[in-house]
Amino acid sequence: MTQLHVLSDLRDVPDFAAIVAERVWRAWWEADGVALATLRARLDESLGSGAIPATFVAHAEGCFLGCVALIASDVDRRPSLTPWVAALWVEPDTRRQGLGAALTAHAIEAAFAAGHAQVYLAAKPALAPYYLVRGWARMEADVDGLDILIRRRGG
């Protein structure tokens, strides 16, 4: 990243909750007819005291730059796999500067710090290479049109 940024837990910067909810909703939920209020209620679960769910925010000088979530489950057909890195979003004007990788790494470390030996991620096949070159491994292909990736501690 060329500009100085900070990665914070949403619990420490709750003023960013509205913009996080709006970005995540528009990217993944709006087209499916899910109400913004429904997504906001799910995001607000990240404000609790548990390690999971958690949302991490990248920001600089009071400006939102991006976010990522660490959640218990992201793929209904794989309920035993937990936790998941999900909802990685980087503002368009700050992309291709390493912020997505930094946010993802932060979420991975949070999962490991919470005692998990591995963490999962669901990606569209076209986006999977982004993660594969960053240390993720493909665990399964085409689970409801998604690749299931895994990242192990020390891997």
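Modeller: Start with Trp84. Its relative accessibility is 0%, so Trp84 counts as buried (under 20% relative accessible area; over 50% is exposed, in between is partly exposed; 1.4 Å probe, protein chains only). Keep in mind that this is a predicted model, where local features need pLDDT of at least 70, side-chain atom pairs need 80 or more, and totals for chains, interfaces and linings use all residues. Numbering runs from 1 along each chain as its sequence is written, and side-chain values use heavy atoms, without hydrogens or water.

Now the rings. There are four aromatic pairs. Rings of Phe, Tyr and Trp (its six-membered ring) pair if their centres lie within 6.5 Å; planes under 30 degrees apart are stacked, over 60 edge-to-face, the rest tilted.

Phe16 and Phe64 make a tilted pair, with 6.3 Å between centres and 45° between planes. This pair links distant parts of the chain, 48 residues apart. Phe16 sits in the loop between strand 1 (6–9) and helix 1 (17–29), and Phe64 in strand 3. Both residues are buried. For Phe64 the relative accessible area is 8%. Strand 3 spans residues 63–71. Helices (H or I, at least four residues) and strands (E, at least two) are DSSP runs, numbered from the N terminus.

Trp84 pairs with Tyr120. The ring centres are 5.6 Å apart and the planes meet at 45°, so this pair is tilted. It too links distant parts of the chain: Trp84 lies in strand 4 (residues 84–90) and Tyr120 in strand 5 (residues 118–123), 36 residues apart. Tyr120 is buried, at 7% relative accessible area.

Elsewhere, ring pairs join Tyr130, Tyr131 and Trp136 into a cluster.

Back to Phe64 and its surroundings. Beyond its neighbours within four places in sequence, Phe64 is in contact (heavy atoms within 4.5 Å) with Phe16, Ile19, Val20, Arg23, Val57, Ala58, His59, Trp89 and Glu91. Gly115 is 51 residues from Phe64 in sequence, and the two C-alpha atoms are 29 Å apart.

The protein has four helices and seven strands, in the order β-α-α-β-β-β-α-β-α-β-β. Of its 155 residues, 39% count as buried. Among contacts between residues at least 6 apart in sequence, 55% join residues at least 24 apart. The C-alpha atoms fill a box of roughly 40 × 35 × 30 Å along the principal axes.
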